[in-house]
Amino acid sequence: MSAPPPKLPLNAEDRATLAALARGIIPPDDIDAGADAVEAGPRLAAKIEAGINAGLYLEGLAAATAMAREQFGQEPGQLSPAQVHQWVGGLRERAPGFYKQLRMDVSALYLSEPKVWERIGFPGPSSSTGGYPDFDQNPDSES
Amino acid sequence: MSHPTWQVFGTFAEPIHAFKGMQMGHVMVQDYYKPEPRRGCARGYILLSYMMTPITYANLSGSFYGTEFKEFLHAYAHTAAWWAHAEGLPCATNTVTLDPDVRDGYGLPVARISYEWCDNDITLAALARDKAAEMMSASGAQRVRLGLNYGAHAMGTCRMGKDPATSVVNSFGQSHDIPNLFVCDTSTFVTGAGVNPTLTAMAIASRAAEFMADTAGRGDLS
């Protein structure tokens with residue numbers, strides 16, 4: 001955990017680490033590509049480079065990189081899905097503040113995507129349509 | 001004080017669309033609000049239905065991740081939630097003091113807040129959590145998940161009471177020490193109560209305003 005925090009702008013390795021972390025929070029499966037479906041890695045990198053929670057993220061990236069090397073002897077971008085899962089779990093214990101922010105940010109990106117809303121059964125904001133119809137008013141509506 | 005709370009989720013086989021309508025309070029259970037000595041702790045708790053929009057749903061779910069988390073997100077339309085909401089108590093070691101080192105832009109000491117839930121808060125919130133889980137199971141949930149354990153609502157520090165030795169303001173929110181100083185918010189609560197505080201704060205403010213108008217009208221408030 002002694003590696004110095006990365007500097008801005010982020011390099012390719014840092015971006016790969018971010019993408020791997022995001023994928024660890026919401027992984028790909030048969031339903032969709034998870035965090036990759038909303039390009040969570042690149043979008044997190046853009047937020048960091050805009051200064052949003054940059055200090056927390058830079059320290060977290062340093063910790064995450066050090067942990068991947070320590071646990072698996074590999075760079076984060078080279079980890080298998082099973083290793084990513086174990087790695088993210090370790091990060092949750094050792095860098096809880098960073099983990100909490102990462103989970104919140106990845107969730108927010110994923111759950112702000114209208115195609116994801118469709119998949120989870122959320123019809124989206126209803127203010128422009130006067131609210132959601134009641135069940136008895138629209139029995140054919142699934143969502 | 002705050003409200004020591006737990007979020008408790010229940011996922012059902014069929015879509016239930018619990019997010020429709022208002023987010024909180026479709027159902028409110030106050031059966032356990034009355035203090036009951038056999039519980040082994042003071043005061044009581046309530047349960048509030050609380051189903052939130054997707055991002056908040058994710059954030060209040062806890063700290064799990066990966067496939068389990070994604071499955072939970074995709075169970076959104078099948079999931080309902082209780083907010084298990086306990087009555088927080090004042091504690092002598094919870095304080096707001098002037099920071100000896102940090103000063104604001106005017107050179108004044110900033111407030112330093114020291115706060116932890118007391119044992120009663122933790123015990124009572126756990127009872128509320130367990131009751132919520134029990135009720136969710138009894139409702140037919142296929143899976144019950146304990147979500148985030150967190151505090152809500154800032155209350156206390158200017159306790160209301162008759163005795164200046166043990167309270168800060170009287171029943172009209174008027175300072176015992178400074179007659180033309182009124183505190184009209186949740187600061188005057190003597191416990192956290194078990195419910196959301198806004199309506200009570202509004203009632204306290206309304207009562208204080210009427211008192212101020214009457215007293216000032218008589219020329220008794222300078």
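1. A residue counts as exposed when its relative accessible area is over 50%, and as buried when the value is under 20%; anything in between is partly exposed. B:Arg38 has 76% relative accessibility, so B:Arg38 is exposed. The model is predicted, and the points below should be read with that in mind.

2. Start with the partner of B:Arg38. B:Glu36 forms a salt bridge with B:Arg38. The closest N and O atoms of the pair are 3.1 Å apart. B:Glu36 is partly exposed, since its relative accessible area is 25%.

3. Next comes B:Arg39. Where does B:Arg39 sit in chain B? B:Arg39 lies in the loop that runs between strand E2 (24–29) and strand E3 (45–50). B:Arg39 is buried, yet B:Arg39 has no salt bridge. The nearest side chain of opposite charge belongs to B:Glu36, 6.2 Å away. A salt bridge needs a nitrogen within 4 Å of a carboxyl oxygen. B:Glu36 does have a salt bridge, with B:Arg38.

4. What does the side chain of B:Arg39 meet instead? One of its polar atoms lies 3.0 Å from the backbone oxygen of B:Arg43. Beyond its neighbours within four places in sequence, B:Arg39 contacts B:Tyr32, B:Tyr33, B:Lys34, B:Gly44, B:Tyr45 and B:Leu127. I would look at this site on screen.

5. B:Lys70 belongs to helix H2 (residues 67–73) of chain B. Its relative accessible area is 1%, so B:Lys70 is buried. Which residues does B:Lys70 touch, leaving out those up to four places away in sequence? They are A:Ile26, A:Pro27, A:Pro28, A:Asp29, A:Asp32, A:Gly34 and A:Tyr110.

6. The charge of B:Lys70 is paired. A network of salt bridges links B:Lys70 with A:Asp29, A:Asp32 and A:Arg119. B:Arg39, by contrast, is buried with no salt bridge.

7. Other salt bridges deserve a line each. The structure holds 16 of them over all chains. In one, the side chains of B:Arg129 and B:Asp130 meet at 2.9 Å, N to O. B:Arg129 is buried, because its relative accessible area is 18%. B:Asp130 is partly exposed, at 40% relative accessibility.

8. The side chains of A:Glu75 and A:Arg69 form a salt bridge, 2.8 Å from N to O. A:Glu75 is partly exposed, with a relative accessible area of 29%. A:Arg69 is partly exposed too, at 43%.

9. Now the overall make-up of chain A. How many helices and strands does chain A have? The count is six helices and zero strands. Along the sequence the pattern reads α-α-α-α-α-α. Of the 143 residues in chain A, 44% are buried. Among contacts with a separation of 6 or more, 61% involve residues 24 or more positions apart.

10. Chain B has four helices and seven strands. Their order along the sequence is β-β-β-α-α-β-β-β-α-β-α. Its C-alpha atoms fill a box of roughly 65 × 40 × 35 Å along the principal axes. Of the 222 residues in chain B, 45% are buried. For contacts between residues at least 6 apart in sequence, 71% join residues at least 24 apart.

11. What volume does the largest pocket have? The value is about 510 Å³. The lining of this pocket comprises 22 residues. Those nearest its centre are B:Met1, B:Asn94, B:Met155, B:Gly156 and B:Thr157. Strand E5 (95–103) and strand E6 (109–114) of chain B are the elements that give two or more residues to that lining.

12. The largest cavity has a volume of about 30 Å³. Its lining consists of A:Leu44, A:Lys47, A:Ile48, A:Ile52, A:Asn53, A:Tyr57 and A:Asp105. Helix H2 (residues 40–49) of chain A gives the most to this lining, with three residues.

Terms used:
Residues numbered from 1 in each chain as written. Chains lettered and ligands numbered in written order. Predicted model: local features only at pLDDT ≥ 70, side-chain atom pairs only at ≥ 80, totals over all residues. Heavy atoms only, no water. Buried < 20%, exposed > 50% of the residue type's maximum accessible area, 1.4 Å probe, protein only. Lys, Arg positive; Asp, Glu negative; His and termini not counted. Polar contact = N/O pair within 3.5 Å; in protein donor to acceptor, adjacent residues only side chain to side chain. Contact = heavy atoms within 4.5 Å. 1 Å grid on protein atoms, 1.4 Å probe; cavity = no way out; pocket = protein on both sides within 12 Å on 5 of 7 lines; lining within 4 Å. Points joined across faces, edges and corners; volume = space filled by probe spheres on them.
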